[in-house]
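Here are a few exercises to work through with the model open in your viewer. Try each task before you read its solution.

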Amino acid sequence: MERYPATKGGGRGATATAPGRARPAPQEAESAADLPPLLLLHRPRALRRARSMALPRLLRAAAPRLYSTVPAPAPAPAPAGNRPRADDDKLLTEPLSHPDFFSVKELFTLKDLFDARVHLGHKKGCRHRFMEPYIFGCRLDQDIIDLDQTMQHLQLALNFTAHVAYRGGIILFVSRRRQFCHLVESTARACGEYAHTRYWQGGLLTNAHIQFGPGVRLPDLLIFLNTLNNVFEPHVAIRDAAKMNIPTVGVVDTNCNPCLITYPIPGNDDSPAAVELYCKLFRMTIIRAKDKRRQSEAVEELQRKAQGK
Amino acid sequence: GNHRSLACGKCVHLKLLICTTTAVQKRNVGASGPEKYTEAFIKKQIEEFNLGKRHLANMMGEDPETFTQEDIDRAIAYLFPSGLFDKRARPLMKHPTEVFPEQRKIQWGEDGRPFHFLFYTGKQSYYSLMHVSMLFVINNKNICDILNRNLAGSRWLTKIELEEMLLEKVSDNDYSRFIQLLQKLATLPCADIEEKYIQKFSKEVPAQLQKVVIEPLQHDERGVAFSTGEGKRKTARATAVVYDNGTGRITVNGIDILHYFPVLQDREQLLFPFQFLGRIGKHDMVCTVSGGGRSAQAGAIRLASAKALRSFVTEKEVEFMRQAGLLTVDPRVKERKKPGQEGPRRKFTWKKR
């Protein structure tokens, strides 16, 4: 992938895509307002601009969460601190003009992925049809995942996560593997984000205002370390996130369905080494993004103070 | 007219306050569901309570400043006398913090981000508890083997106690999983921190087995050793005083047993403990008995005398007596009659038509 259009951290490129995947619109114009509306929670003005752009009709129609008529006692939260609008724009639009603002490419190499056994898939019989584009080949009945594609997808996913974390979005780690439940929760805690590695109650996302109380804020990104639940079926959260217009990042193994996941990462999700690698990468990206945000804000403060004087 | 309407207004206000506050007398588990009592609501209730307290003090002709909770209770009992038996059903006026169960406040900050990292699971306190316990289990690398926990004298928290601790509803499955995790942690070699953590969830059980104390012999003015015992059977209650160095004379309610118990069976019952121990002619006995019938009184005296004889005898023989059934209270009493039947067991005569 050589070309990096100045939108949401890179387009799809030449990767073959599985049919029927719900994705945001592929080609959009260069301005900052073309981000998927989800990232502009705190910016109703920019939101309206985005709406008028060429977004898929479905996405616009099925987005009640944002233009919510659900009773929320608090008004739309203003960004923390009373910074003037011009600076806001600069803080939020500047990262979008770089293809890899947070330099996530440096965090991992192909050799790291290979050593962590990310390329090992399940047996041929377990293969999911929609995962065929991501599979390099099959040796002695075991599928091998194409690590070049994994690199690209991983870079996209990490970049997206970094942008979400930069804007103060809520990230929810989901995994239903008992083996890695503790690890995932510790990772989430270390980043200052949230985790859900337990039994998923039906209405957590779709019925949140009744389950949690009015005015609750839903997660802005869901990260799946394991897409399947304990009965080897796709996790309910994938479908619910798609319903609620929440983007998802997920590690898909050869027996998983990558359809509804916004940024799939084809890779092994069963080996402890692989899962530890993913956790480490996500943790580093999120911390990096948050640090960068703090730095930028501090720089802005200093500049404004200098100007004010 | 003015004064009357004012009083009426106060009464109505007071009534309102009292009616609303009696409603919530349920089991004190906070947050069963999303926020039921917002902070604003509780504040308003507190204001109303304070206002009502002053009105009440004025009504009773006392000083509003020094009107304590006991005065309130007395005033309410005077103004609203109630003959209801259940104390919780009577009108009451208490501070709202005592009435409304403790609830969890809003779980997220100004920017909408929740405070707890497991907020989106729905049961954050319970799952964070599981997380911490699992952390102890995983990090357990101790080689030392300190298993000096007194497992016999302690029990785990019950489900209700856990709910009160977490302020969250806990299902049966969740509770059993938590207890299993604690038990697993308890079996591992534990260090000090883990001991303290486990102690938070275990409670002392007072030892239920109390050894029966055999009273020592007492001596009367003449220097003769004696001992007392009490016994009961059906509705009969008996006390027996057994004297040492006796000739085998037994008196019941001041009457000799030959006259009190004309039937041989009853006299045999009385003598059974002595015959069992081989001390027939060696003790005197003075008994008092009341209630029951002929046979019941005999059984009661038998038990009383056996209990008294324990003081004269070795521990081995006490054990023999216990195994012979001399020291056990006979639990059989008259069974009640049931409706639809003629007696406790007898049904009415069945008629084909």
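**Exercise 1. Work out how helix 10 and helix 11 of chain B cross.**

Start with the hand: helix 10 of chain B crosses helix 11 of chain B in a right-handed way. (A crossing is right-handed if the near helix is turned clockwise from the far one by less than a right angle, and left-handed if anticlockwise.) Before going on, some ground rules: this is a predicted model, where local features need pLDDT of at least 70, side-chain atom pairs count only at pLDDT 80 or more, and totals for chains, interfaces and linings use all residues. Residues are numbered from 1 along each chain as its sequence is written, chains are lettered from A and ligands numbered from 1 in the order in which they are written, and side-chain values use heavy atoms, with hydrogens and water left out.

Helices (H or I, at least four residues) and strands (E, at least two) are DSSP runs, numbered from the N terminus. Next, the geometry: the axes of helix 10 (residues 264-277) and helix 11 of chain B come within 8 Å and cross at roughly 15 degrees. That makes the two helices roughly parallel. (Axes are lines fitted to C-alpha atoms, for helices over the stretch in contact, and angles run from 0 to 180 degrees between N-to-C directions; under 35 degrees counts as roughly parallel, over 145 as roughly antiparallel, 65 to 115 as roughly perpendicular and the rest as oblique.)

Now the residues in contact (heavy atoms within 4.5 Å). Helix 10 of chain B brings B:Q265, B:D266, B:Q269, B:L270, B:F272, B:P273, B:F274 and B:L277, and these meet B:R294, B:S295, B:A298, B:I301, B:R302, B:S305, B:A306 and B:L309 of helix 11 of chain B. Sorted by class, that contact has nine nonpolar, four polar and three charged residues. (Ala, Val, Leu, Ile, Met, Phe, Trp, Tyr, Cys and Pro count as nonpolar, Asp, Glu, Lys and Arg as charged, and the others, Gly among them, as polar.)

**Exercise 2. In what order do the six strands of the chain B sheet run, and where does helix 11 of chain B lie?**

Trace the strands: the order is 3-4-5-8-6-7 in an open sheet with mixed pairing. (Two strands pair if DSSP finds at least two bridges between them.) At the edges sit strand 3 (218-219) and strand 7 (255-256) of chain B, each pairing on one side only.

Zoom in on one pair. Strand 5 (residues 236-243) and strand 8 (residues 284-290) of chain B are antiparallel over seven bridges, with B:V241 opposite B:V286.

Helix 11 (residues 294-309) of chain B lies across strand 4 (225-233), strand 5, strand 6 (250-252) and strand 8 of chain B, and runs at about 140 degrees to strand 4 of chain B.

**Exercise 3. Is the pairing in the five-strand sheet of chain A parallel or antiparallel?**

It's parallel: the open sheet has the order 5-4-6-7-8. Strand 5 (194-196) and strand 8 (263-266) of chain A are its edges, and the twist averages 20 degrees from one strand to the next.

Check one pair: strand 6 (residues 221-224) and strand 7 (residues 248-252) of chain A share three bridges in the parallel sense, and A:I223 has A:V249 as its bridge partner. Helix 5 (residues 147-166) of chain A packs on this sheet, touching strand 4 (171-174), strand 6, strand 7 and strand 8 of chain A, at about 140 degrees to the direction of strand 8 of chain A.

**Exercise 4. How many residues does each chain put into the contact between chain A and chain B?**

Count them: chain A gives 30 residues and chain B gives 22 residues. The buried area is about 2,300 Å², 58% of it from carbon and sulfur atoms. (That's the accessible area, with a 1.4 Å probe, that two parts lose on being put together, summed over both.) On the chain A side, A:H182, A:Y194 and A:F212 lose the most, together 29% of what that side buries.

Finally, look at the helices that meet here. Helix 6 (residues 181-191) of chain A packs against helix 5 of chain B at about 115 degrees, axes 11 Å apart, so the two are roughly perpendicular. Their crossing is left-handed. A:H182, A:E185, A:S186 and A:R189 meet B:H131, B:M134, B:L135 and B:I138, which divide into three nonpolar, three polar and two charged residues.
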